[in-house]
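Please have the structure open while you read.

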Amino acid sequence: MTDLNDLLLRSANKDQQAFKALYEASSPKLFGVLIGMLKNEALAEDILQDSYLKIWENADRYTASKSGAMTWMRTIACNTARDKLRSLKVRHYQDECSDFIENIEAEQATPERQFAINTELAWIVEGMKKLNPLQRECLILSCYHGYSHSELADKLGQPLGTIKTWIRLAKSELAMPVAMA
């Protein structure tokens with residue numbers, strides 16, 4: 001299995017071969033995430049290209065001790081997609097949030113990494129169950145559908161401060177304990 005962390009760290013030193021290998025190993029997974037978010041193949045391809053440009057330009061900011069390479073790259077891709085959705089004023093609201101994470105990790109993940117992923121997912125699912133319905137909706141609309149806090153306040157008819165508090169508390173509830181991270 002290709003070590004994405006190592007490839008990303010080598011890409012930080014502008015190692016083009018490492019970046020090519022990183023792209024080949026991770027782009028199908030990120031593309032799957034983007035298709036799930038955007039529901040548009042052409043747009044997902046554009047965002048994927050923009051995302052890898054950002055990954056290349058910011059690889060020196062990656063810290064392996066803080067997150068896995070795929071998690072870090074997925075965050076960049078999702079943020080790029082959300083920015084694009086905001087600029088297009090497009091929303092893909094669904095009553096339930098699709099599970100994009102299963103598209104992220106390779107089938108060849110080590111048993112240890114797969115266990116860690118399953119543990120993190122179980123933690124998130126349990127945390128989401130503990131949130132009140134409005135907190136859960138705010139978090140999903142914000143994190144997966146790209147709504148800004150002010151857009152959520154308008155959509156849900158709530159004060160901006162309330163929306164910010166709900167999202168902050170929801171994220172705090174979902175934070176992984178240090179022992180699990």
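1. Let us begin with F19, which is buried because its relative accessible area is 16% (buried means under 20%, exposed over 50%, and partly exposed in between, with a 1.4 Å probe and protein chains only). Y52 also counts as buried, with a relative accessible area of 4%.

2. A word on where this comes from: the model is predicted, so local features need pLDDT of at least 70 and side-chain atom pairs count only at pLDDT 80 or more, while totals for chains, interfaces and linings use all residues. Residues are numbered from 1 along each chain as its sequence is written, and side-chain values use heavy atoms, leaving out hydrogens and water.

3. Now look at the rings. The structure has four aromatic pairs (rings of Phe, Tyr and Trp, the last by its six-membered ring, pair if their centres lie within 6.5 Å; planes under 30 degrees apart are stacked, over 60 edge-to-face, and the rest tilted). In one of them, the ring centres of F19 and Y52 are 6.1 Å apart and the planes stand at 70°, so this pair is edge-to-face. It links distant parts of the chain, as F19 sits in helix α2 (residues 16-38) and Y52 in helix α3, 33 residues apart.

4. How far apart are the ring centres of Y23 and Y52? They are 4.7 Å apart with planes at 70°, so this pair is edge-to-face. Y23 belongs to helix α2 and Y52 to helix α3, so the pair ties together parts 29 residues apart in sequence. Y23 itself is partly exposed, because its relative accessibility is 37%.

5. Next, find E41, E45, D46 and D50, which form a negative surface patch. Patch residues have over 30% relative accessible area and no salt bridge, and like charges are joined within 9 Å; a salt bridge is a side-chain nitrogen of Lys or Arg within 4 Å of a carboxyl oxygen of Asp or Glu. E45 lies in helix α3 (residues 41-58) and is partly exposed, because its relative accessibility is 42%.

6. Finally, zoom out. The protein has eight helices and zero strands (DSSP runs, H or I of at least four residues for helices and E of at least two for strands, numbered from the N terminus). Of its 181 residues, 35% are buried.

Notes
Patch = residues over 30% accessible without salt bridge, like charges linked within 9 Å, V, L, I, M, F, W, Y side chains within 5 Å. Areas by Shrake-Rupley, 256 points an atom, 1.4 Å probe, with all protein chains shown as cover. Lys, Arg positive; Asp, Glu negative; His and termini not counted. Charge placed at Lys NZ, Arg CZ, Asp CG, Glu CD.
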